[in-house]
Amino acid sequence: MTEENSEKDYRSTLPGPLGIIDTWISRGESVILALGVILMAVNTVANVISRFVFGESLHFSEEINRILIVMITFAGIGYAARHGRHIRMSAFYDMLPTGGRRWLMIGICLFTAIVMFVLCYYSIGYIQTLYGRGRVLPSLSIPVWLIYVWVPVGFAITGIQYLLTAIKNLTSHDVYLSTHVIDSYTDTETEV
């Protein structure tokens with residue numbers, strides 16, 4: 001699958017209901033990320049125009065960007081996992097034969113999924129603490145805990161994505177970095 005096709009119209013390679021779930025999550029992430037970046041750009045430009053035309057910044061602009069940064073960051077970690085864009089330390093991994101790399105990738109994906117689900121659990125506890133404090137944003141009067149709802153959602157989606165990648169590696173002979181990105185190296189001069 002080419003980079004252009006995977007970004008434009010993602011279709012999961014997983015069988016049955018897993019593929020449907022994977023495709024829905026991918027489409028949701030894409031919409032959230034696109035809208036988040038567009039809204040952040042519009043908000044920032046509007047704030048700059050307001051500052052230079054009216055001599056005063058929009059008092060709520062910083063809070064909107066804060067909300068959008070949290071949303072984009074935690075929607076983006078699932079997106080990065082889905083497209084095999086996460087950081088890898090692969091010195092020992094690269095020395096293994098294909099079968100060894102596949103089993104190591106399964107272990108890595110399962111471990112990472114567990115870590116993501118544990119972080120999801122703790123982030124829910126953090127949100128409950130924020131909810132109990134009753135703090136609100138000064139300009140928008142939005143409860144602070146609402147901003148951080150994206151954190152457990154992002155961790156859960158990333159955990160699901162790593163779990164699906166482990167399943168993909170269990171059911172395939174190739175080594176997959178994500179449900180549709182095969183582990184391979186392309187050495188070109190443009191990558192240097």
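## A buried aspartate

Asp183 touches Arg88, Tyr93, Arg101, Val175, Tyr176 and Leu177, leaving out residues up to four places away in sequence; contact here means heavy atoms within 4.5 Å. Asp183 lies in the segment after α7. Its relative accessible area is 9%, so Asp183 is buried (buried is under 20% relative accessible area, exposed over 50%, partly exposed in between, with a 1.4 Å probe and protein chains only).

This is a predicted model, in which local features need pLDDT of at least 70 and side-chain atom pairs count only at pLDDT 80 or more, while totals for chains, interfaces and linings use all residues. Residues are numbered from 1 along each chain as its sequence is written, and side-chain values use heavy atoms, with hydrogens and water left out.

## Nonpolar cores

The largest nonpolar core has 13 residues, and Val70, Ile147, Tyr148, Val151 and Phe155 touch the most other members. A nonpolar core is a set of buried Ala, Val, Leu, Ile, Met, Phe, Trp, Tyr and Cys residues joined through side-chain atoms within 4.5 Å. At least two residues of this core come from each of α3 (61–82), α5 (98–133), α6 (144–147) and α7 (150–170). Helices are DSSP runs of H or I with at least four residues, numbered from the N terminus. With four residues, α5 gives the most to this core.

Apart from neighbours within four places in sequence, Val70 is in contact with Ile147, Tyr148, Trp150 and Val151. A second, separate core has nine residues, including Tyr93, Tyr162, Ala166 and Val175.

## Packing of α5 and α7

The axes of α5 and α7 are 8 Å apart, and the two helices pack at an angle of about 160°. Axes are lines fitted to C-alpha atoms, for helices over the stretch in contact, and angles run from 0 to 180 degrees between N-to-C directions.

Ala, Val, Leu, Ile, Met, Phe, Trp, Tyr, Cys and Pro count as nonpolar, Asp, Glu, Lys and Arg as charged, and the others, Gly among them, as polar.

## Packing of α2 and α3

Helix α2 (residues 16–54) packs against α3 at an angle of about 150°, with the axes 9 Å apart. These helices are therefore also roughly antiparallel. Their contact comprises 13 nonpolar, 10 polar and three charged residues.

Note on methods: Parallel < 35°, antiparallel > 145°, perpendicular 65-115°, else oblique.
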